[in-house]
Every structure is written in structure tokens, then in C-alpha cells.
Amino acid sequence: MAESTAHTAGTEAPSGGHGGFPPFNPQTFPSQLVWLVITFVLLYALMAKWALPQVARVIENRQKRIADDFAEAERLKAQSEEALAAYEKALADARARAQAIATEEREREAAASEARHKELERALNAKLAEAEKTIAATKQAAMANVRGIAEDATRTIVERLIGTAPGDKVVADAVADALKR
Amino acid sequence: MDPIHQFQIVNLFPLGKFGHAEIFFTNSAAFMVLAVVLLTGFLVIGTAGGRAVPGRLQSAAELTYEFVADMLRSTAGAEGMRFFPYVFTIFMFVLLLNMFGLIPFGFTVTSHIIITATLALLVFFTVLGYGLIRHGLHFFNLFVPKGVPVYILPMIVAIEILSFISRPISHSVRLFANMLAGHIALKVFAGFIILLGGALGAIGWVGGVLPFAMIVALTALEMLVAFLQAYVFAILTCIYLNDAIHPGH
């Protein structure tokens, strides 16, 4: 059959070897070994000196960039937290200052009102004293008038009773005597 | 139709003699060169912009970087990061070579034992060399687990040494066998379609839908396997390197 001729032709032709099974045909070994050594050494050199360092560099760069970005984010976060703390501190300071100003203002206001109050009281007291003085003067004047009126009344009464007017001195003595009682 | 044909090394043009052996530029070499070009271009062009918010290509480039870095850091610790370019090269090289095999007309470089064995031995001698330079003879404490009773210690040490020496075998054969078996399975199912069509005519071509569906499913599985085997290869490298860095059990 055609198949069997193909079989023999296939194994016989290329290397013209003795072994029927190509992997065990020693005539092909030198060529295979030479090319294995050439290609393996070449590949090793290319990998070790060129390709793998390049891949490693790319991976390293990415990791470095990610680490850098994280550090940058960390730094910015710290910065923003710092700013927030500063803002809160400023706010607290302003609040404390406002409180202080308000307290001071209130105290000043209270002191002023106290002073005004005292001033007013003093003025009123002065007015009161003056009024009392006026009252006393008026009373004295009134008392003096009473003596006059009493002397006039006495003189008139005595004149009516006895028909003669007593002397001023007598009347005055009598009134003073009566007022003393 | 021959499921083995896909593993054939095709000499594209000769380059000269190296001792007795003639060195050719082969289809396998072409895919290895393609892997170097694609991987370097992918990483360098992807991260050329170096944008802080990555595009698709840059995301993918950074993802592969972080993926391998996490894998190495979680198994070998921060000190293991000095081997990062080494582990990255191994992982991405193996992953791309595995994936190329799934592209139609592609070639699976890692389906050849000589390639996986060389890579596994490279890891083995890196571990041995670095361990001895770093720790001197203390490196051999690796073979003497702590807290083991003295009377079974000789046997344990013998087993530890044996398992250490057999590491490159399992390390290389695992990747090689997975790649080989998966691609053979794919080709076998693909061959069924041709066989059915050839044998039964129109009915056969309709019936070919079934193996075709199988191929679709297997291709998805093979993508997983291609990634997983590259991952396993790289994580075993990390674990072995961890032994060189911290030989105490």
C-alpha cells in the first residue's frame, strides 16, 4: 500500500539514519546539541541582560509611582488636617475673645450704671436736704408769725375785755410765757 | 499519516564539520531560533512603552515575569532569586518549544530526548556546582537526613544518593515522554480520518467527524500538557536549586 511506502520514506529520507525512531537517531544529536547550546545561551543572555531588567524596571516604576502617590496623598491629608486644626483653633480663639469683650463690656456698663445710680442718689439726697431746710425755715417763719398773730390776738382780746390796749412789752412777755408752757 | 514522521529532524542546510559530526541547520534549530526571537520580542516590545497602566502585551509580559518570580520565590526563597533569569529562560524556552508542536506543520523540539536530557543535565550540574561552591562539603549533608536512626542511616544515604543521581533521568524523560506521547496520539487520530475516508469513501468522510472531534479535545488537552510539563520542568528546577541553596533537610 501507499501508506507503507510513505512510512519507510518518512523515516529513511531526511537524516539517512540507522535508528528507525527519530528521537533516538544519534546522527541528529550533534546538530541538535549545537543549536540548543547556541539558542539557550543566547536566550539566557538576552533575558538576563536585556528583557528581564526592562520588565523589572517597568514593574518597579509602577510600584514606586503607586508608593509615591500614596505618600503624596498622605502628605496632603496631613496638610488638610493641619489646616482644619488651625481653623478650629482660630475659631475657638475668636469665640474666647468675643466672650472676653462681652464680659468686659458688661462689667463696664454695670460700673457706669452703678455710678449713675449713685450720682442720682446723691443729687436726690441733696435735694431732700434742701427741701428739709426749706421746711425748717418755713416752719420757723410760721412759728414767728404765730407769735405775732398771738400777740395781735391777745392785744385785741384784752382791749375788748378791758377797753385799754396793754403795752407791747407786756403782751409779748405774756405770749412768750404762754408759749413756753 | 505516519505518526512518527513528525519527529523527523530535517537538515535544511549544512554548516560545516565539528570533529566527525556534520552540523546542519535543521527544522529543530529553526524552531529554537524562533523561540529566542519570539520570547525576546514579546518581552522587549511588550514593555517598551513602560506604561503605568499596561496594555495587553505588557500585561502578558509582566504576568509571565511575576509568575516565574513567584514560583521561584515560593520554592527557593528570596536567595533563589539570583537564579531568576536562569529559571525564567528554562521555563519560557521549554513552554514555547512545547507549544510550537501544536501548531500545524510545527515541530516539537522537546520531543527529542537529547534536548530534554541536556537541559536536565544542565540543571543537575548547576545544582551540584553551586551547592559545592556555596557550601563546600557541607553540601553532601543533603544526603544525610536529620533525625534518622543510625542503624538505617547507611541505607537512607544510599537511597538519597541514588535518587539525587537519577534526578536528571526522571527530569528529562518526563518532559520528553509527555511531548512524544501526546503528539503521537494526535497524529494517530488524524490518521483515522484519512483511513476512514480512503476506505469507505463518502460515508468514511462523514464518520471522520468522530476522530476529528477527538483531535479537537486532544489538542486542548495537549495545550494543558504543554504548559503543565514546562511548569513541572521549571518547578523541579526550582526545587533542585533550593537543595543547592539550603542543603539542610
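The structure holds one cavity of 30 Å³ or more. A cavity is a set of points on a 1 Å grid over the protein atoms alone where a 1.4 Å probe fits but cannot get out. The model is predicted: local features need pLDDT of at least 70, side-chain atom pairs count only at pLDDT 80 or more, and totals for chains, interfaces and linings use all residues. Residues are numbered from 1 along each chain as its sequence is written.

About 40 Å³ of space lies in the largest cavity, the volume being the space filled by probe spheres set on points joined across faces, edges and corners. Its lining (residues with an atom within 4 Å of a point) consists of Ala120(B), Phe124(B), Val127(B), Phe164(B), Arg167(B), Pro168(B), His171(B) and Tyr240(B). Two elements of chain B, α4 (113–135) and α5 (153–207), each give two or more residues to this lining. Helices are DSSP runs (H or I, at least four residues), numbered from the N terminus. α5(B) gives the most, with four residues. By class, six lining residues are nonpolar, one is polar and one is charged.

α4(B) has 23 residues and should span 33 Å at 1.5 Å a residue; its end C-alpha atoms are 32 Å apart, which agrees. The expected span is 1.5 Å times one less than the number of residues. Buried residues (under 20% relative accessible area, 1.4 Å probe, protein chains only) of α4(B) include Ala120(B), Phe124(B) and Val127(B). The buried residues of α4(B) pack against α2 (29–162) of chain A, with contact meaning heavy atoms within 4.5 Å. They also pack against α1 (27–46), α3 (84–100), α5 and α6 (209–245) of chain B. Gly136(B) follows α4(B), with a positive phi near 60°.

Key:
Chains are lettered from A and ligands numbered from 1 in the order in which they are written. Side-chain values use heavy atoms; hydrogens and water are left out. On a 1 Å grid over the protein atoms alone, a cavity is a set of points where a 1.4 Å probe fits but cannot get out, and a pocket is an open set with protein on both sides within 12 Å along at least five of seven lines; lining residues have an atom within 4 Å of a point. Ala, Val, Leu, Ile, Met, Phe, Trp, Tyr, Cys and Pro count as nonpolar, Asp, Glu, Lys and Arg as charged, and the others, Gly among them, as polar. Buried means under 20% relative accessible area, exposed over 50%, partly exposed in between (1.4 Å probe, protein chains only).
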